[in-house]
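Here is a friendly walk through one model, with the sequence and the coordinates to hand. Please keep the viewer open as you read.

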Amino acid sequence: MAVRHRVINASPARVWEVLADGDSYAAWVVGAADVTPRRGHWPGVGAAIAYEVGLGPLRLGNETVVRRCEEGSVLELEAKAGPLGTGRIAIELRPWGDQTLVVVDEHPLRGVGGTLHNVGVEVLIQLRHRAMLARLARLCENGGATAGHRPERARTAHRSPEAGRA
C-alpha cells in the first residue's frame, strides 16, 4: 500500500473545502483532465465524476466514485481505470495545530493493477502522491481552488447532470 502524508498550512476546514469542491478535482489530482459529473453531488457517497487520464499519446477514460465520506475528515474514493482495474484512495484530514496533516492511502482493488502491483508500481504511486499533495497544498494555502483559479476543463465536476435542468 502506498501511504504518503503532508502537513498543509491551512485548517482542516479549508482543506476539506477544496476536496469537497468537485470543480477543483483536476487541479489537485495528477493526470485528470476533462472532468465531468457522472451522477450524484460531490462528495456525497455514490457521487461519481468521469475524466480522462493521459498516458503519452493514449487517453484513458476513468471514473471516480465516492465510497465513504465523513464530512471534514475522511474521503474514500474508488478510481475505475477501465481495463487497468480499480483502486482505493483514502484521504484523511487530521488537525495538526492550526495546520492539517493529510494522509493519503492508495492500493489496487481489482484487475490488472492489482495483479501487477509491485515495488516499482509503489514507487510510481509515491511520486504521484507527492505531486498530488503539493498541488493540494498550493490550492489550500493560496486559495486558488475556490477563488476562481480553477482549470477550465474542471468547471462542472461537482454538479450533477440534473443541476442545470429546472
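Let us start with Tyr51, which counts as buried because its relative accessibility is 7%, under the 20% cut-off. Please bear in mind that this is a predicted model.

Tyr25 is also buried, at 5% relative accessibility. These two tyrosines form an aromatic pair: the ring centres of Tyr25 and Tyr51 are 5.5 Å apart, and with 50° between the planes the pair is tilted. Tyr25 belongs to helix H2 and Tyr51 to strand E3, so their contact ties together parts that are 26 residues apart in sequence.

## The aromatic cluster

How many aromatic pairs does the structure hold? There are 3. One of them joins Tyr25 to Trp42, and it is edge-to-face because the planes stand at 75°, with the ring centres 5.7 Å apart.

Helix H2, which spans residues 25-28, contributes Tyr25, while Trp42 sits in the loop between strand E2 (32-39) and strand E3 (48-55), so parts 17 residues apart in sequence are tied together. Tyr25 and Trp42 are both buried.

Which residues do the ring pairs link into a cluster? They are Tyr25, Trp28, Trp42 and Tyr51. If you colour these side chains in your viewer, you can follow the links from ring to ring.

## A cis bond beside Trp42

The peptide bond that joins Trp42 to Pro43 is cis, with omega at about 5°. Pro43 lies in the loop between E2 and E3, where Trp42 is also found.

## Asp34 in strand E2

Now for another backbone detail. Asp34 is not a glycine, yet its phi is positive, at about 55°. This residue lies in strand E2.

Is Asp34 buried, exposed or partly exposed? It is partly exposed, because its relative accessible area of 43% falls between the 20% and 50% cut-offs.

## Helix H1

Our last stop is helix H1, which covers residues 12-19 and is mostly covered, as 6 of its 8 residues are buried. Which residues of H1 are buried? They are Pro12, Arg14, Val15, Trp16, Val18 and Leu19.

Terms used. Residues numbered from 1 in each chain as written. Predicted model: local features only at pLDDT ≥ 70, side-chain atom pairs only at ≥ 80, totals over all residues. Heavy atoms only, no water. Phe/Tyr/Trp six-rings, centres within 6.5 Å; stacked < 30°, edge-to-face > 60°. Helix = DSSP H or I, 4+ residues; strand = E, 2+ residues; numbered from the N terminus. Buried < 20%, exposed > 50% of the residue type's maximum accessible area, 1.4 Å probe, protein only.
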